[in-house]
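Biologist: Could you walk me through this model, one question at a time? I would like the cut-offs along the way.

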Amino acid sequence: MNTTMSNTDKQTGDSVSPEQTYQSTYVPRFDIWEGEEELLLYGDLPGVSVDDLDIRFENRELTIHGKVAARHEGEFLMGEYGTGDFHRTFTVGESIDAEKISAEMKHGVLTLRLPKSEKVKPRRIKVQAN
């Protein structure tokens, strides 16, 4: 069973690419994996503190707000890491058990677990013989 997920613009509701997400100064990248039991999202968030994250799930939308603080004052000779505020919203087209959603940050990677509700999980139906 495939799950439909899209990245949406909060202001217009239109599907957008990660580069067009909200009015962010930083756009973290996410990988999404689907198994029979859950959806997993992996987000690269180097330099983000768990205290600077706000994650919400409401009306089939998973919203992730946060910020990456500048690492040094002044100008860099070269700067490739994003800094500033970010906002990502994913619309989940699958029934998710919102009470069991969990998030963990480890080594700069945010892992979100979105367990599927029992009614959408694949199940085996026993055939009875007469």
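**Loops, strands and core**

Modeller: Exposed means over 50% relative accessible area, buried under 20% and partly exposed in between, with a 1.4 Å probe and protein chains only. This is a predicted model, in which local features need pLDDT of at least 70 and side-chain atom pairs count only at pLDDT 80 or more, while totals for chains, interfaces and linings use all residues. Residues are numbered from 1 along each chain as its sequence is written, and side-chain values use heavy atoms, with hydrogens and water left out.

Biologist: Where is histidine 107 found?

Modeller: Its phi is near 55 degrees, a positive value in a residue other than glycine. Most residues other than glycine have a negative phi. As for the place, histidine 107 is in the loop between E7 and E8.

Biologist: Which residue in E8 stands opposite lysine 106?

Modeller: Strands here are DSSP runs of E with at least two residues, helices are runs of H or I with at least four, and both are numbered from the N terminus. Two strands pair if DSSP finds at least two bridges between them. E7 and strand E8 (residues 109-115) run antiparallel and are joined by five bridges. Opposite lysine 106 stands valine 109.

Biologist: What is the bridge partner of aspartate 54 in E5?

Modeller: Strand E4 (residues 53-58) pairs with E5 in the antiparallel sense, over six bridges. The two form a hairpin with two residues between them, and asparagine 59 in the turn has a positive phi of about 50 degrees. The partner of aspartate 54 is histidine 65.

Biologist: Is arginine 60 exposed, partly exposed or buried?

Modeller: Arginine 60 lies in the loop between E4 and E5. Although not a glycine, arginine 60 has a positive phi of about 65 degrees. Its relative accessible area is 47%, so the class is partly exposed.

Biologist: How many residues does the largest nonpolar core have?

Modeller: Such a core is a set of buried Ala, Val, Leu, Ile, Met, Phe, Trp, Tyr and Cys residues joined through side-chain atoms within 4.5 Å. Those with the most contacts inside the largest one include Leu41, Leu53, Phe86 and Leu112. The elements giving two or more residues to this core are strand E3 (38-44), strand E5 (61-68), strand E6 (84-92) and E8. The count for the core is 17 residues.

Biologist: Why is the pair of phenylalanine 30 and phenylalanine 90 classed as it is?

Modeller: Rings of Phe, Tyr and Trp (its six-membered ring) pair if their centres lie within 6.5 Å; planes under 30 degrees apart count as stacked, over 60 as edge-to-face and the rest as tilted. Phenylalanine 30 is buried at 14% relative accessibility, and phenylalanine 90 is buried at 4%. The ring centres are 5.5 Å apart and the planes stand at 70 degrees, so the pair is edge-to-face.

Biologist: How many strands are there in the protein chain?

Modeller: The chain has zero helices. From the N terminus on, its elements run β-β-β-β-β-β-β-β. The number of strands is eight.
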